[in-house]
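Let's take a walk through this structure together. Have a look at it first, and then we'll go through it piece by piece.

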Amino acid sequence: MSKERITISPDLYDIMPPDYQDLVKHATYGKEDRGWKDIGTSKELLEQHSLCAGCPESMAFRYILAALPNPEDTVMVGSTGCTSLVFPHVAIHNIHSLFGNQNAVASGLKRALTVRFPNRIKDVVVLAGDGATVDIGLDMTLQAWFRQEKFTTICFDNELYANTGGQESGLMQKGFVAKMAPVGKLFDKVRLPEIARESGCHYIVNCTVSKPSLVERVVRNAVLIAREIGPTYLQLYTPCILEIGKDSQEGLQEMRDAEKPNERFAFKEYVSEPAKALLADLAAKAKDKKAAAKQLVS
Amino acid sequence: MDTTSIIGTKNRKEQIITDPRVMMNDAPRTPSFFTGSEVIKEAVRRANVDVMVAYPITPQSEAAALCGELFAEGYIGDYFRGESEFAVMSQCAGAAFGGARVFTTTAGPGTLRAMENFPMWAGARLPIQCIVTCRGINSPLSIQPDTIEIAYLMQTGMLVWHAETAQDFYDWILKGYMVSEEPDVHLPLALCCDGFFVTHTKDTVDLTPVEMCLPPYDPYRSPVPCMDMECPPVRMMRDPFVMKSNYISYATHASWQQEVWAAAERSRKHTIAWLDGLIETENVDADILIVASGTAVSQGREAIRLLADEGIRVGLVKIKTLRPWPEEELREATKRASHIIVPEFNVIGWLARELKATLPRTERIIAGPRVCGGMTMPPEIIVEGIKKALGMRSGVLAGRGS
């Protein structure tokens with residue numbers, strides 16, 4: 001898709017909703033160097049959100065949608081949970097079908113798009129919570145990685161079931177007292193990034209969404225590597241401020257605390273050898289392009 | 001304005017894309033002696049399928065594997081083994097959301113494991129075709145034929161057809177896509193047969209020419225947007241209905257559920273044209289009727305032959321589609337009957353229940369005979385059931401101590 005596809009017929013322009021008119025005029029479909037810095041100066045692909053005030057997940061959504069390298073040809077797959085309250089506002093085709101089956105849906109979707117558009121890039125990005133990714137959907141998460149399905153899996157890790165009211169999840173910390181963990185969780189936080197590596201993911205990052213530039217970099221890498229090489233996985237801390245007893249303005253500090261060295265969301269990145277070669281190649285090409293542009297100017 | 005047609009052009013395997021009515025109704029047929037599983041493969045070969053997802057479960061494993069050979073030969077766009085039936089049906093959903101014509105097969109416990117997906121398919125208006133080769137679902141473990149899973153499928157919003165023979169199966173796989181992909185239908189189809197009896201027996205089936213195939217699926221005829229970013233990504237709604245407890249939310253969900261079932265109703269006109277009616281009848285002026293679906297129809301035919309030898313005239317109603325349910329047709333066909341015998345291959349008698357909920361004068365309906373757990377249904381037990389209903393002495397079955 002290019003911006004042409006969303007252009008409104010002049011005869012119908014005035015009856016279209018203002019946010020759609022805005023999307024046509026000011027969105028960043030097709031903009032090669034799009035990124036988090038467009039936020040505030042362009043029309044975001046997220047119109048609004050139905051999350052709690054100050055929810056870090058809303059920040060994560062904004063940064064991810066601003067960072068996708070190819071939103072005009074990207075389809076996203078979600079799951080049930082707080083994310084499914086946001087997706088209806090997202091100006092990228094997205095699928096919700098059931099709870100936990102997101103990586104299975106994405107496998108079928110990616111293959112269908114590859115069959116139908118063999119000579120075009122169609123990126124698929126999964127975005128789901130930790131319950132969907134690690135508990136009810138773990139089988140399908142891992143099996144998609146074993147099969148080397150070429151899409152990105154993003155897990156919003158808030159360490160509990162937020163949308164149902166704060167129950168224990170596999171990614172919850174040991175000892176945390178929550179609903180369905182009345183005496184504290186009895187086992188460790190599941191180490192999915194390590195499992196992802198053993199399962200064949202080519203790019204894995206564990207971090208918070210406190211820094212938009214970092215989110216932009218890892219999302220871009222994850223999508224580009226998934227497109228060319230194989231599965232990629234991002235585990236992003238998006239604390240549920242409601243369930244951990246924080247106020248609306250405290251989400252950012254919570255993430256900063258959780259990403260300190262030796263804390264559970266200290267930045268960790270794994271890049272497979274083929275993915276390293278791809279990133280080096282892309283960096284070299286970007287450098288050449290920049291040099292060529294510079295030469296053209298001078 | 002110039003118009004172009006894809007009819008007469010070639011697909012990825014150099015098959016000629018043929019007007020489906022010409023292919024199914026007019027093209028020459030070649031009699032071939034095949035198992036039901038091989039017949040599934042031959043129908044899929046001609047169906048221009050984009051994506052198939054497979055998983056082993058008896059008795060559909062052979063058909064699912066044979067379709068893999070079609071992929072290797074280049075007839076199917078993509079094919080892979082999923083990790084469970086729940087995952088497979090979700091993978092099928094993903095492929096259908098992405099605009100592919102999708103085919104899969106399952107059976108018994110697999111159908112039940114996948115069940116959460118089926119109302120989702122219907123609600124998302126995904127015209128996936130799922131072959132269901134029915135088998136038992138009870139504990140202790142059984143792999144034998146039993147049609148109880150159809151009772152669950154009938155409540156999902158899917159179209160549900162019940163094939164009697166391998167020939168039905170061949171024709172209905174191809175015709176099924178034509179019905180379920182109609183813009184005013186656009187629903188998944190559960191095409192059921194009785195496992196083993198149809199899948200693992202050989203029969204002579206008249207095949208359409210191998211060089212002809214159906215036109216490809218056009219996802220832009222769907223009543224809901226295809227998720228491929230080839231049409232404007234409109235925001236679906238200002239407020240997600242899932243979180244709203246208000247009248248607008250309830251009304252939205254209620255009206256959409258009604259629309260899904262209305263779409264199944266709208267499939268009638270297409271199905272009647274393609275299958276030559278939702279039911280098939282023989283001698284419905286008789287006082288006694290056998291009403292059945294699947295291979296129970298075949299056993300009913302044998303029972304009718306045995307009874308004819310004794311001078312007892314019995315008519316037959318074969319139900320082809322369970323969803324949509326042929327209510328008017330059944331009322332008309334059974335209006336003169338005083339005894340309606342309903343033989344079934346399951347313990348609960350779901351077909352008799354449907355009939356009792358539909359037909360007037362339910363005292364006419366004899367729910368049975370029924371067999372289950374893999375038992376065969378000798379025509380003699382249908383004969384006995386009919387004689388019993390008529391108040392006649394029956395010496396047909398030996399060893400019953402009667």
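In this predicted model, 51% of the 298 residues of chain A count as buried. Chain A is built from 10 helices and 7 strands. Its radius of gyration is 19 Å, close to the 19 Å that the globule rule gives for 298 residues, so chain A is as compact as a globular protein of that length. How do the contacts inside chain A run along the sequence? Take the ones between residues at least 6 apart in sequence: 67% of them join residues at least 24 apart.

Now turn to the place where the two chains meet. Here 36 residues of chain A are in contact with 38 residues of chain B. On the chain A side, strand 1 (74–77), helix 3 (83–86), helix 4 (102–116) and helix 6 (138–146) each supply at least two residues. Which of chain A's elements gives the largest share of that side? That's helix 4 of chain A, with 11 residues. Sorted by class, the side of chain A that touches chain B has 17 nonpolar, 10 polar and 9 charged residues.

Over to chain B, which is divided into domain 1 (16–221) and domain 2 (279–389). The C-alpha centres of these two domains of chain B lie 27 Å apart, and the contact between them takes 20 residues from domain 1 and 20 residues from domain 2. On the domain 1 side, helix 7 (149–153), strand 7 (159–162) and strand 8 (189–194) of chain B each supply at least two residues. Strand 7 of chain B gives the most to that side, with 4 residues. By class, the domain 1 side comes to 12 nonpolar, 5 polar and 3 charged residues.

Finally, zoom in on helix 10 of chain B, residues 295–309. This helix has 15 residues and reaches 22 Å from its first C-alpha to its last, close to the 21 Å expected at 1.5 Å a residue. Which residues of helix 10 of chain B are buried? They are B:Thr295, B:Ala296, B:Val297, B:Gln299, B:Gly300, B:Ala303 and B:Ile304. What covers them includes strand 8, strand 12 (288–292), strand 13 (314–319) and helix 13 (379–389) of chain B. Helix 10 of chain B is followed by B:Gly311, whose phi is positive, near 80°.

Definitions and conventions: Residues are numbered from 1 along each chain as its sequence is written. Chains are lettered from A and ligands numbered from 1 in the order in which they are written. This is a predicted model: local features need pLDDT of at least 70, side-chain atom pairs count only at pLDDT 80 or more; totals for chains, interfaces and linings use all residues. Two residues are in contact if their C-beta atoms, placed from the backbone, lie within 7 Å. Ala, Val, Leu, Ile, Met, Phe, Trp, Tyr, Cys and Pro count as nonpolar, Asp, Glu, Lys and Arg as charged, and the others, Gly among them, as polar. The radius of gyration is taken over C-alpha atoms; the globule rule is 2.2 Å times the number of residues to the power 0.38. A residue is buried if 20 or more other C-beta atoms lie within 10 Å of its own, exposed if 12 or fewer, and partly exposed in between; C-beta atoms are placed from the backbone. Domain bounds come from an automatic or database domain assignment. The expected span of a helix is 1.5 Å times one less than its number of residues.
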